Amino acid sequence: MNIGSATNGKIRFFVPVANTKKTLLFLTALFLTACVSPPQGLEKDEFTIQQLNKIEADDYTCRCRIVRLGGKILSAQALKNQTKVEVMSLPVSGFSAKPVWDGPTDGRFIAYLPGFVDPESLKNQYITVKGRLTGQEQGKIDQVDYAFPVVSAAAFKRWQLTQEYYYDPYWDDFYYGFGPRWGYYGGFWHREPRVRTILR
């Protein structure tokens with residue numbers, strides 16, 4: 001609610017600080033959401049299978065279903081005109097298409113990437129692929145027989161696990177009194193950064 005006052009015959013309106021900061025928080029969140037978009041070719045749609053455990057037996061038979069899957073690359077092999085990767089499946093973010101690197105796994109799959117990608121460059125990397133589900137390949141995980149879902153990737157994106165420093169949001173308004181950690185050194189109080197692990 002706006003509060004008005006009359007000065008020299010003119011009415012002035014004041015917007016409460018609390019409402020202003022709520023608006024700023026909303027606009028900031030909206031801006032960040034708009035900026036977090038998936039790479040080209042990895043967009044999400046309602047007809048694409050988004051999880052490994054959502055694949056049904058009929059999906060392998062028709063060889064027509066489109067999937068968008070991601071996870072951690074376990075091995076890679078360069079083949080003629082394509083590169084084969086074995087991936088430990090992880091949940092994929094709906095907005096950014098990044099794998100949730102610390103999420104639970106629901107199995108493994110094999111993806112064939114178009115062209116040559118040096119297997120050494122794929123070590124300790126994460127990946128998101130989108131393409132056609134073409135069937136299954138029989139293999140092993142250690143001594144255990146395993147049927148790997150196979151994806152012929154039309155698009156893919158590699159991600160690298162990195163750490164970065166960041167500061168908690170801070171407001172000097174007493175009503176919204178939350179903020180970052182503070183440390184005292186060198187005779188002054190300083191904001192202390194936090195460290196987070198993300199995929200880039």
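Reader: What makes D45 and K130 a salt bridge?

Author: In this predicted model, the closest N and O atoms of D45 and K130 are 3.5 Å apart. The cut-off is 4 Å between a side-chain nitrogen of Lys or Arg and a carboxyl oxygen of Asp or Glu, so the pair qualifies. The pair links distant parts of the chain, 85 residues apart: D45 lies in the loop between helix 1 (17-35) and helix 2 (57-62), K130 in strand 6 (residues 126-141).

Reader: Why is K130 called buried?

Author: The relative accessible area of K130 is 13%. Buried means under 20%, so K130 is buried.

Reader: And why is D45 called partly exposed?

Author: D45 has a relative accessible area of 31%. That value falls between the 20% and 50% limits, therefore D45 is partly exposed.

Reader: How do you know that R65 and D59 form a salt bridge?

Author: Their side chains meet at 3.1 Å, N to O, and this is within 4 Å, so the pair counts. D59, at 7% relative accessible area, is buried, whereas R65, at 28%, is partly exposed.

Reader: Why is E164 called buried?

Author: E164 has a relative accessible area of 19%, and the limit is under 20%, so E164 is buried.

Reader: How many salt bridges does the rule give?

Author: The count comes to eight.

Note on methods:
Residues numbered from 1 in each chain as written. Predicted model: local features only at pLDDT ≥ 70, side-chain atom pairs only at ≥ 80, totals over all residues. Heavy atoms only, no water. Helix = DSSP H or I, 4+ residues; strand = E, 2+ residues; numbered from the N terminus. Buried < 20%, exposed > 50% of the residue type's maximum accessible area, 1.4 Å probe, protein only.
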